[in-house]
Amino acid sequence: MRKIWLFLLGAFFITPVFLVLSGTVLSRYELQECLLPLITGADQFIGWKFFPQYPTFEHYLRVLFYTPQFFVVFWNSMKIVVLVLAGQLFLAVPAAWAFAVYRFRFRKVLFTLYVVLMLMPFQVTMLSNYLVLEELHLMNTHGAIIFPAVFSTFPVFLIYRGFCALPDSLIDAARVDGAGEWMIFWKIGLPLASNGILSAVVLNFLEYWNLMEQPLAFLEDQSLWPLSLYLPEIHLDQAGYSFVASVITLIPPVFVFLIGQEYLERGIAASALKE
Amino acid sequence: MTARKERLFQLAKSSNAWVWFLTPSLFGVIIFVCVPFLDVIRRSFLTAVTQEWTGLHNYQVIFQNQAFQLAVKNTLRFTSVCLPLLIGLGLFLAVQLSRLRKMQLIKSLFLFPMAMPAATVVLVWKMVFARQGFLNLFLNNLHLATQENAIDYMNTGAAFWVLVFSYVWKNLGYTIVLWLAGIFSIPTDILDAAKVDGANERQCFWRVVFPNLKGTLYTITVLSFLNSFKVFREAYLVAGSYPHESMYLLQHLFNNWFVNLELDKMAAAAVCVGTVLFLAILLLQRAWDRDGTA
């Protein structure tokens, strides 16, 4: 009984996906018929067909073959996400290692700084970001999104949590045996970081694929926009196009979600639990 | 400390290798965040254009600014409605889920909204919450609303509740996972002991589980509060820069000041909001330090 109502509630949570999916195969005429009141503002309720009378792939064809603009935007999103994630890992793994393994002066203060920065919402750092970007002439380039994001401290925190599980005695044994610090990081640290790294990748992929505030503030040129800003610009009278674009936008994060759910959950729990 | 540990500690301390590991990241943090934020603090005491010293003038201006007052009021209202709702609902569902033998699938369903980009969701929200939308259609079928008195949820005070719904929908899975982590960290022998002593499900929860979740509650509250700032995405996509006044949040205000280059007000507001959040985060840290298990 409990299982059934929980399942139904959960299923209700994902109905938007089915709505969007079914919208992609409705023909132009059916869509118009369903959504007309929204476009004209008429005093009628809109309708919907979860199973179209004449399913069609015309909208998919249109997006994939006749709208080069869509690809530009899609690759903007991909470029931003991939570069951000790569840069983050490159910086965060060693930094997390430093916090987890070494005891140095100001360690506690610096780590607190990292935690504070990871939790600050964009609005607080918006102006300071802008001042640097303006100074470095990065405004209105993808660099304006990528550079500040690369130095995000959230991955450091996640990966740090993974390193903390590592027993001190292991590292000390390696040291006593004469392994260099770099060697220890490379041979013992990196393999152990994989869980934290995957958590950071999954959580941040979902975050940066969905990025809105930064591009909205720092990118004027529409040809530089990511999908998250481009989609809402499509007017409702092109509903079919809009639905297909939405579905294509949905594919990468859903893919990451499905293969990385275990790490997603670990990453979430890492912020609540002290190991 | 044992002699062996002492020696190893010395070994670790003598190594300066941490500098190499930390510097690249710290350098970026200082250049991109710390230094400019100090500049923001400085600017909050200056005029925007001529950069003259004005003392606390900017702070006076924002606190008397009607848009700022409205935005703070709405943001506080939003948080005070959303947090209890999200945290309570999350706990209830997490407890229900924890009693199932197989919960993975259902948990996935609740987590799924995290993977849905705001831009996709907004298309759906427009169809659901418009005056001619699905919600009104549904209410009409139940004879609770008619075509004539149908509410346009986006452009009336109801917009606030659309935002609340949106926030809960998106973050409930996240909250459930946090609660479950807390619930499963409770040692099972306490629960077993309670069951042996004849406690029923309800007693088990209120007498054993709940008291052990205080640390988790604390963490979830602070994290959800900070996460609530991201609701701007949905709010902006649904209603643009100047939404219905019931959902004009601090995030809108910052964005609009930025667009109009009112940097002096922005600096003062960033310092104020930053300080409040900074204190909240320090409280969270204290909870982490104090409470090893949750």
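**Confidence.** I kept in mind that this is a predicted model. For chain A I found a mean pLDDT of 87, with 99% of the residues at 70 or more.

**Domains of chain A.** The domain assignment gave me domain 1 as 2–56 and domain 2 as 68–232 + 250–270. I checked the spacing of the two over C-alpha atoms, and their centres are 36 Å apart.

**Where A meets B.** I asked how many residues each chain puts into the contact. Chain A brings 77 residues and chain B brings 84. On the chain A side, helix 14 (residues 239–270) gives the most, with twelve residues. I sorted that side of chain A by class and got 52 nonpolar, 15 polar and ten charged residues.

**A helix pair in chain B.** How do helix 5 and helix 8 of chain B cross? The axes of helix 5 (residues 104–111) and helix 8 (residues 159–184) come within 7 Å, at roughly 135 degrees, so I noted the two helices of chain B as oblique to each other. From helix 5 of chain B, the contact uses Lys107(B), Phe110(B) and Leu111(B); helix 8 of chain B answers with Leu172(B), Gly173(B), Ile176(B) and Val177(B). By class I have five nonpolar residues, one polar and one charged in this helix contact.

Terms used:
Residues are numbered from 1 along each chain as its sequence is written. Chains are lettered from A and ligands numbered from 1 in the order in which they are written. This is a predicted model: local features need pLDDT of at least 70, side-chain atom pairs count only at pLDDT 80 or more; totals for chains, interfaces and linings use all residues. pLDDT is the predictor's confidence in each residue, from 0 to 100. Two residues are in contact if their C-beta atoms, placed from the backbone, lie within 7 Å. Helices (H or I, at least four residues) and strands (E, at least two) are DSSP runs, numbered from the N terminus. Ala, Val, Leu, Ile, Met, Phe, Trp, Tyr, Cys and Pro count as nonpolar, Asp, Glu, Lys and Arg as charged, and the others, Gly among them, as polar. Domain bounds come from an automatic or database domain assignment. Axes are lines fitted to C-alpha atoms, for helices over the stretch in contact, and angles run from 0 to 180 degrees between N-to-C directions. Angles under 35 degrees count as roughly parallel, over 145 as roughly antiparallel, 65 to 115 as roughly perpendicular and the rest as oblique.
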